[in-house]
Amino acid sequence: MKDLSPISCFSLPEMMVERSTNTRYHGKMFITRVSMIFLLISILSVLSWFLILSSTNPNRVLDHISVSVPTDSPITIIRSSNNSPDAETPHPKSREDESRGGAKTEEIKETLGCNQKVSLSPTPLKVYMYDMSPEFHFGLLGWKPERNGVVWPDVRVNVPHHPGGLNLQHSVEYWLTLDLLFSELPEDSRTSRAAIRVKNYTEADVVFVPFFSSLSYNRFSKVTQKQKKSQDRDLQDKVVKFVTSQKEWKHSGGKDHVIMAHHPNSMSTARHKLYPAMFVVADFGRYSPRVANVDKDIVAPYKHLVPSYVNDTSGFDSRPVLLYFQGAIYRKAGGFVRHELYYLLKEEKDVHFSFGSVQNHGISKAGEGMRSSKFCLNIAGDTPSSNRLFDAIASHCIPVIISDDIELPYEDVLNYNEFCIFVRASDALKKGFLLGLVRSIGREEWNKMWRRLKEVERYFDLRFPGKDDVGDYGVQMIWRAVARKAPLVKMKVHRFQRFTRPFLI
């Protein structure tokens, strides 16, 4: 048996203790290193997620989508200064009070991804307009060029006359085209211009197709005995052939084109071939959502037929008629509400509800009736909209809108609730509901709406040329509505070009 020295007997436990101590020490170091590595990985993960989120900030995305200069201009939310303090307002915003006909209004300026105050004279929309044959535009009014090669009239000395009458209500095509032609001339010195014509397509935000489609329908949609198809149908076919053959259409798939189709029956066949474009319409009653919709297209006002009420000093007490309607009573489709209301209201005192037409000075009589009335009915007819709304606005008669599917011009920046009353068709047909509603509106509330109505009437006033340095008359408002669609148009064009080589077209 091997002898064990005292030293060896006591050294074994000591060695075991030392080894145990070293093991715990190394274990702690191992745990500390693991913790440090885990902490470092966590920090790197947080930083990487922060970088990812910052790179996908919505404002940065919009910066890449809306690269066009005009789209950086402010969106002006047009509000009355009499709004309640807790009314919902967009953000970011900046406010400026401006005198409008003796009353102050509030304007809230918004920009895409920008929280700073911006200029009141933004860069105008740049519009490329096709030099199409006069047969598509002013030739429909009887204008003929003085020599070959001339496409447009010199609007400084010769503005082709519009025939007026009922054709005038869908004449937005006429006013927009004149405005673009005038924008090229040195005589146009306005600083508030919303759109200018450019000659180079690569500089343009949109492409304008100068086809007077509503006038074509109104005048030439009937087929004569010697024709196989109407002149209007023939012009539509020619427009489709011309536009779709242009390099500008091929470059964008037509998504940046602006085409006027204000009369509900205009462009009846061409609309199904040119639907990628932005249509300027009165409403969407006779369109499928695939062809036209409020997201893609522009709702423009009718040209009012009654004269503007200049220097209106009337008031609540000087308008004896409570509720006014004069027009066609028996209509198709959604127009059934008209004759139902006629039977409900025809015997009511201080209500004027009767048949009317343009014959026997019908328009002037309607204008006089509206000026004598506190409220004017705007009821859906064959389509959701009608010119009657804009006649009421021009007459400073508070519109009562009974049209569940109506879409209104500039409603993204203009609050119609400040000067109109909306009533569902189902409620309007309840006995006593409509009269009870309008009679509940007292002098103070009516005067507030009436004053606002006088402030906004110019937004629907289509004229040529526009007044100097006043940028919110009807034509300029329509161009600004187009400009607000420009970022979406730009994105659609870029997406269309993903699998094409547009620079080779």
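Below, we start with the whole chain and then turn to one strand and its neighbours.

Reader: How many helices and strands does the protein chain have?
Author: Keep in mind that this is a predicted model. Going along the protein chain, you'd count 13 helices and 14 strands.

Reader: What percentage of the residues count as buried?
Author: A residue is called buried when its relative accessible area is under 20%. The protein chain has 505 residues, and the share of them that passes this test is 47%.

Reader: Why is strand E13 largely enclosed by the rest of the structure?
Author: Look at residues 398-402, which make up E13. Ile398, Val400 and Ile402 point one way, while Pro399 and Ile401 point the other way. In a regular strand, side chains alternate between the two faces of the sheet. Both sets are buried here, so E13 is largely enclosed because the buried count is 5 of the 5 residues.

Reader: Which residue stands opposite Ile398?
Author: Strand E12 covers residues 373-379 and runs parallel to E13, with 5 bridges joining them. Opposite Ile398 in E13, you'll find Phe375.

Reader: What is the bridge partner of Ile401 in E14?
Author: E14 is made of residues 421-422. E14 and E13 pair in the parallel sense over 2 bridges. For Ile401, the partner in E14 is Phe422.

Notes. Residues numbered from 1 in each chain as written. Predicted model: local features only at pLDDT ≥ 70, side-chain atom pairs only at ≥ 80, totals over all residues. Heavy atoms only, no water. Helix = DSSP H or I, 4+ residues; strand = E, 2+ residues; numbered from the N terminus. Buried < 20%, exposed > 50% of the residue type's maximum accessible area, 1.4 Å probe, protein only. Pairing = 2+ DSSP bridges.
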